[in-house]
Amino acid sequence: MPIEEIRRAVREVKEMRKKDPAAYAAMVKRNAHRKIRIVPDRG
Amino acid sequence: MTSRKRSFRESVFINCPFDDDYEPIFRAIVFTVSLCGFVPRTTLEHDDASQVRIEKIYRLIGSSALGIHDVSRTEPDAENQLPRFNMPLELGVSLGAKRFGAGKHRSKRCLVLDRDRYRFQKFISDIAGQDIKSHGNNPETAIRVVRDWLRNAVDHARIPGGSHLWAKYRQFTEDLTGMCEKGQLTPEHLTFTDFYQFVLEWISPVR
């Protein structure tokens, strides 16, 4: 994934946590069932 | 681009199981190594697909001054009813590089992790005398153990305390699935490089 996209995603979540706690809490709740699994890089 | 130079002195080879049960500890170790200013190196990282796996391991060990070796996965696997020997093998390669290698390889440092403190004596007693710690299958304990080892292994000014690291890691973990959502990435198939870039960006000062 392009680094600019990673950077944007990190910035948006951090800003949401600070500026809109309700939306942040909803996002965390919405994703609570997701399970992180790290896989080998492709290529 | 956020990246870190993979210098020998700051590279930390992480030799551990890659299964669902170990996943929380693996993420905690990668986060801790990164936040302490080092570069986590693992066989999950991108490489030439045609490269023989053991050659990739030799290259990673050869280019890392530090190594974290988890030997906790000793149970037979469900499919073959045999234990995995890869982690002890890679620990042996690291110890051999330090013992028989020349120059910088003599300065290698290894941390051996197991789930209980003295359990290793029952199955790999020859490593007695190494730096062996237990994480109790607990990410918080893993963070503190790895942090303390890095602090003692090198004189590095950027290493924060264990409580600070744990608090940061908990926040990062809470943010991570949201960051995947924003980036349209599937958390269940997050490549190592994407995860590492999330870590690096998240711990970087606000741009």
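## Chain B: make-up and overall form

Chain B holds 6 helices and 6 strands. Helices (H or I, at least four residues) and strands (E, at least two) are DSSP runs, numbered from the N terminus. The order of elements from the N terminus is β-α-β-α-β-α-β-β-α-α-β-α. This is a predicted model: local features need pLDDT of at least 70, side-chain atom pairs count only at pLDDT 80 or more, and totals for chains, interfaces and linings use all residues. Residues are numbered from 1 along each chain as its sequence is written, while chains are lettered from A and ligands numbered from 1 in the order in which they are written.

The radius of gyration of chain B is 17 Å, close to the 17 Å of the globule rule for 207 residues, so chain B is as compact as a globular protein of that length. That radius is taken over C-alpha atoms, and the rule is 2.2 Å times the number of residues to the power 0.38. The C-alpha trace spans about 50 × 40 × 40 Å along its principal axes. Of the 207 residues, 39% count as buried. Buried takes 20 or more other C-beta atoms within 10 Å of a residue's own, exposed 12 or fewer, and partly exposed lies in between, with C-beta atoms placed from the backbone. Among contacts in chain B with a separation of 6 or more, 62% join residues 24 or more positions apart. A contact means that two C-beta atoms, placed from the backbone, lie within 7 Å.

## Helix α4 against α5

Helix α4 (residues 139–153) and helix α5 (residues 162–182) of chain B have axes that come within 9 Å and cross at roughly 135°. Axes are lines fitted to C-alpha atoms, for helices over the stretch in contact, with angles from 0 to 180 degrees between N-to-C directions. The pair is therefore oblique. Under 35 degrees counts as roughly parallel, over 145 as roughly antiparallel, 65 to 115 as roughly perpendicular, and the rest as oblique.

From α4(B) come B:Glu140, B:Ile143, B:Arg144 and B:Arg147; from α5(B) come B:Gly162, B:Leu165, B:Trp166 and B:Tyr169. By class, this contact has 4 nonpolar, 1 polar and 3 charged residues. Nonpolar covers Ala, Val, Leu, Ile, Met, Phe, Trp, Tyr, Cys and Pro; charged covers Asp, Glu, Lys and Arg; the others, Gly among them, are polar.

## Helix α1 against α4

The axes of α1(B) and α4(B) come within 9 Å and cross at roughly 35°. This crossing is right-handed. B:Pro24, B:Ile25, B:Ala28, B:Ile29, B:Thr32 and B:Val33 of α1(B) meet B:Pro139, B:Ala142, B:Ile143, B:Val146 and B:Arg147 of α4(B). The classes are 9 nonpolar, 1 polar and 1 charged.

## The side facing chain A

In chain B, 32 residues contact 23 residues of chain A. Elements giving two or more residues to this side of chain B are α1 (23–35), α5, β6 (190–191) and α6 (192–203). Its residues divide into 13 nonpolar, 9 polar and 10 charged.

## Two loop residues with positive phi

Most residues other than glycine have a negative phi. B:Gln81 has a positive phi near 60°. B:Gln81 sits in the loop between β3 (66–70) and α3 (86–100). With 8 other C-beta atoms within 10 Å, B:Gln81 is exposed.

B:Asn137 also has a positive phi, near 60°. Its loop runs between β5 (131–134) and α4 of chain B. B:Asn137 is partly exposed, with 14 C-beta neighbours inside 10 Å.

Note on methods:
Left-handed = near helix turned anticlockwise from the far one by under 90°.
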